[in-house]
Amino acid sequence: MVVPFAVVTLNALKSPTEYAQNGPLSLPHGLYLDGLKDFWERVDYGQKLWNSVLISGSVAVLAVVLSVLNAYAIGIGRIRGRTWVLAFFVLANVLPQEALVYPVYYLSKEVGLYDTRLSVIIVFTVIQSAFGTYLLSSVLGSFPREVIEAARIDGANAWQVLWRIVVPMSRPTLGVLLVFFFIWTWNEFLLPLVMLISNDNQTVSVALGVLQGQHLMDATMTNAAALLGVLPALVFFLVFQRTLTRGIAVGAVK
């Protein structure tokens, strides 16, 4: 992963002439920032960045909350038909997004949410929470019953057990889901392409598609776009790397 990122970074800092003469694997002779500047201005990158951060961040938070509520009912509440409910969430995980395009498009048109960021947030929250529910259900299914019974003896109701006992003790796992949901949503292309047709609502991944012409392609601007597209997600991953590592370590110990 490091090598492709390094190649993209080097090519984003080359001039088109230098790229054509020396190829994609040569080192740049100087910093050529016009490709980054041209892509930023051409697609209004600031607006696209805000859209991607808003959608990905909202989906990550909402999907984690929804996953916790679902998994609490399934894993600890032991609702009837638990096996069939989990099977439904597994089916939702393996369903290809291409099969969802027309139903989601039609429903968003009917309720007046087409070409809004809210529609994409709702769709991806449901999609991501299906995986989160399946994962957390197995985690909470093995949650220490003694801790829950002790909290109930002390007078805690179901909500207090969830938010004061279950959530704090499951925080490393929830942190892992938060990071994954953000990055997965950030990289989504098909549904945002279909659902967000206005330039002011499009995400960074969709904006990359405007660089592909019918006969020509600006290699320097394409690499600059790829660099600007992946850099925010990389920064987010590095910021929450400790949370991710802690969550994986806790899961391995369990």
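In what order do the elements of the protein run from the N terminus on? They run α-α-α-α-α-α-α-α-α-α-α-α-α-α.

**Figure 1. The whole predicted model.** This is a predicted model, in which local features need pLDDT of at least 70 and side-chain atom pairs count only at pLDDT 80 or more, while totals for chains, interfaces and linings use all residues. Residues are numbered from 1 along each chain as its sequence is written, and side-chain values use heavy atoms, with hydrogens and water left out. The protein has 14 helices and zero strands. Helices (H or I, at least four residues) and strands (E, at least two) are DSSP runs, numbered from the N terminus. The C-alpha atoms fill a box of roughly 75 × 45 × 25 Å along the principal axes. Of the 254 residues, 39% are buried. Buried means under 20% relative accessible area, exposed over 50%, and partly exposed in between (1.4 Å probe, protein chains only). Take the contacts between residues at least 6 apart in sequence: 76% join residues at least 24 apart. Contact means heavy atoms within 4.5 Å.

**Figure 2. Confidence along the chain.** The mean pLDDT of the protein is 84. This score is the predictor's confidence in each residue, from 0 to 100. A value of 70 or more is reached by 91% of the residues. Confidence is highest in α4, at a mean of 94. Confidence is lowest in helix α14 (residues 241–253), at a mean of 60.

**Figure 3. The largest nonpolar core.** A nonpolar core is a set of buried Ala, Val, Leu, Ile, Met, Phe, Trp, Tyr and Cys residues joined through side-chain atoms within 4.5 Å. The largest one holds 39 residues. F39, V68, Y72, I76, L140, V161 and V166 touch the most other members. Helices that each supply at least two residues include α3 (34–43), α7 (117–141) and α13 (219–239). Helix α4 gives the most, with eight residues. L140 touches A71, Y72, G75, I76, V166 and S170, not counting residues up to four places away in sequence. A second, separate core has twelve residues, among them I55, V101, V123 and L191.

**Figure 4. S56 in helix α4.** S56 is in helix α4. S56 counts as buried because its relative accessibility is 1%. Beyond residues up to four places away in sequence, S56 touches F182, T185 and W186. A polar atom of the S56 side chain lies 3.4 Å from the backbone nitrogen of W186. S56 and F124 are 68 residues apart in sequence, and their C-alpha atoms are 8.8 Å apart in space.

**Figure 5. A buried charge at E188.** E188 sits in the loop between α10 (171–186) and α11 (190–195). E188 is buried yet has no salt bridge. A salt bridge is a side-chain nitrogen of Lys or Arg within 4 Å of a carboxyl oxygen of Asp or Glu. The nearest side chain of opposite charge, R117, is 17 Å away. Lys and Arg count as positive and Asp and Glu as negative; His and the chain ends are not counted. Leaving aside neighbours within four places in sequence, E188 is in contact with Q97, F124 and S205.

**Figure 6. Two loop residues with positive phi.** D44 lies in the loop between α3 and α4. D44 is not a glycine, yet its phi is positive, at about 55 degrees. D44 is partly exposed, with a relative accessible area of 37%. D115 is found in the loop between α6 (101–111) and α7. D115 has a positive phi of about 65 degrees, although it is not a glycine. D115 is buried, with a relative accessible area of 15%.

How values were computed
A polar contact is a pair of N or O atoms within 3.5 Å; within protein, one must be able to donate a hydrogen and the other to accept it, and residues adjacent in sequence count only if both atoms are side-chain atoms.
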